Amino acid sequence: MTEKLYYEDVDVGDELTTMVKQPTSRQLVMWASVSGDYNPIHYDKDFAQSRDLPGIVVHGQLVGCFLGQMVTDWAGEQGRLKQLTLTYRRMIFPNEPLACKGIVTKKYIEGDQHFVTCNLWAENAKGEKTVTGTVVVILPSSGL
Amino acid sequence: MVDDGLSIEELKGKIGVEGPPLVYEIEKGMIRRFAQTVGDLNPLWQNDEYGAESGFGNIIAPPTFVLILGFDQIICQLTQNPSQTVLHGSTELDCYQPIRPRDIITVTAKIAGVRQRESKIGRMAFVTFNIIYKNQRQEMVAKCRQMAIIR
């Protein structure tokens, strides 16, 4: 786990620590089992090709969970993920590296709670944003 | 399980109708399997001793864990129809409290809307589900809006 992150440590424009993932077809099978998403486009190449896809594709929500992992790693145990939005924009193929990235866009205080919002995205090897999203986290305040 | 996928017209007829509640007893093994699948090795999701010493007093599930609860039952209303290709469009998740081992989570979902559009590759439909997750104390632990694209 990272050091404790306080609201006061964060500035708009800060980047979250990039996390690189490379989902394998094995991982897609595991995800199908864990999530119950047995849509064959994720494990059956012939089926995927019959649907005009080049091959099997990665579950968007698995990549969404990668982005969630990046956020909880960054925010630490005292941080609370309040809201996560994800948009699945492009097909993602297994065995291709995906760089999960984020940047702080806003910070504000409401009542006694300290909020930070970030933009998130998972970038493929061509630099294209495949899954994009936003997150709202509540961070502890150092009181400084 | 729904045996046959529903047509767009049938889906439209179900707008606003709440599906049967789906009940999940959360166990550590489920959380561990989820974390290992994602490749998220944070000890707070898996290590009992670490969890016991954390502010939570036990391991908890990662915030995205809730997304898998009931997802199969909800989405299979769409994917069982062999003439349709279903893609995931978007997810909007609001988290209110962490899920813990031994929680009993009840998931209720309803179709919030069905929108159709002609596109270059033919007719597409956008189906939005609203999903609510409550624990054994009837407290809302999360809510989610999922959008699927059918073409």
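Reply: Happy to! Among contacts in chain A between residues at least 6 apart in sequence, 69% join residues at least 24 apart. Two residues are in contact if their C-beta atoms, placed from the backbone, lie within 7 Å.

Me: What should I know about the model and its numbering?

Reply: This is a predicted model, where local features need pLDDT of at least 70, side-chain atom pairs count only at pLDDT 80 or more, and totals for chains, interfaces and linings use all residues. Residues are numbered from 1 along each chain as its sequence is written, while chains are lettered from A and ligands numbered from 1 in the order in which they are written.

Me: What is the mean pLDDT of chain B?

Reply: The mean is 91, and 95% of the residues of chain B reach 70 or more. pLDDT is the predictor's confidence in each residue, from 0 to 100. For the complex, the predictor gives an ipTM of 0.94 and a pTM of 0.94.

Me: Okay, how many helices and strands does chain A have?

Reply: Chain A has three helices and five strands, running β-α-α-α-β-β-β-β from the N terminus on. Helices (H or I, at least four residues) and strands (E, at least two) are DSSP runs, numbered from the N terminus.

Me: And what order do the strands take in the sheet?

Reply: Ten strands form an open, antiparallel sheet in the order E1(A)-E3(A)-E4(A)-E5(A)-E2(A)-E2(B)-E5(B)-E4(B)-E3(B)-E1(B). Strands pair if DSSP finds at least two bridges between them.

Me: Which strands stand at the edges?

Reply: E1 (19-21) of chain A and E1 (22-25) of chain B do; each has a single partner strand, so one side of each is left without a neighbour in the sheet.

Me: Where do the two chains pair up?

Reply: Strand E2 (residues 80-88) of chain A pairs with E2(B) in the antiparallel sense over five bridges. There, A:Leu84 stands opposite B:Leu93. E2(B) is also joined by nine bridges to strand E5 (residues 140-150) of chain B, again antiparallel, with B:Glu92 opposite B:Arg145.

Me: How many residues does each chain put into the contact?

Reply: Chain B puts in 29 residues and chain A 30 residues. On the side of chain B that touches chain A, E2(B) gives the most, with nine residues. The residues of that side divide into twelve nonpolar, twelve polar and five charged. Here Ala, Val, Leu, Ile, Met, Phe, Trp, Tyr, Cys and Pro count as nonpolar, Asp, Glu, Lys and Arg as charged, and the others, Gly among them, as polar.

Me: New topic: what is in the largest nonpolar core?

Reply: That core has 72 residues, and A:Val63, A:Phe66, A:Leu67 and A:Val71 have the most contacts inside it. Helix H3 (residues 60-75) of chain A gives the most to this core, with nine residues. A nonpolar core is a set of buried Ala, Val, Leu, Ile, Met, Phe, Trp, Tyr and Cys residues joined through C-beta atoms within 7 Å. A residue is buried if 20 or more other C-beta atoms, placed from the backbone, lie within 10 Å of its own, exposed if 12 or fewer, and partly exposed in between.

Me: Last one: is A:Asn95 buried or exposed?

Reply: A:Asn95 counts as exposed because it has 10 C-beta neighbours inside 10 Å. The residue is in the loop between E2 and E3 of chain A, and its phi is near 70°, a positive value in a residue other than glycine.
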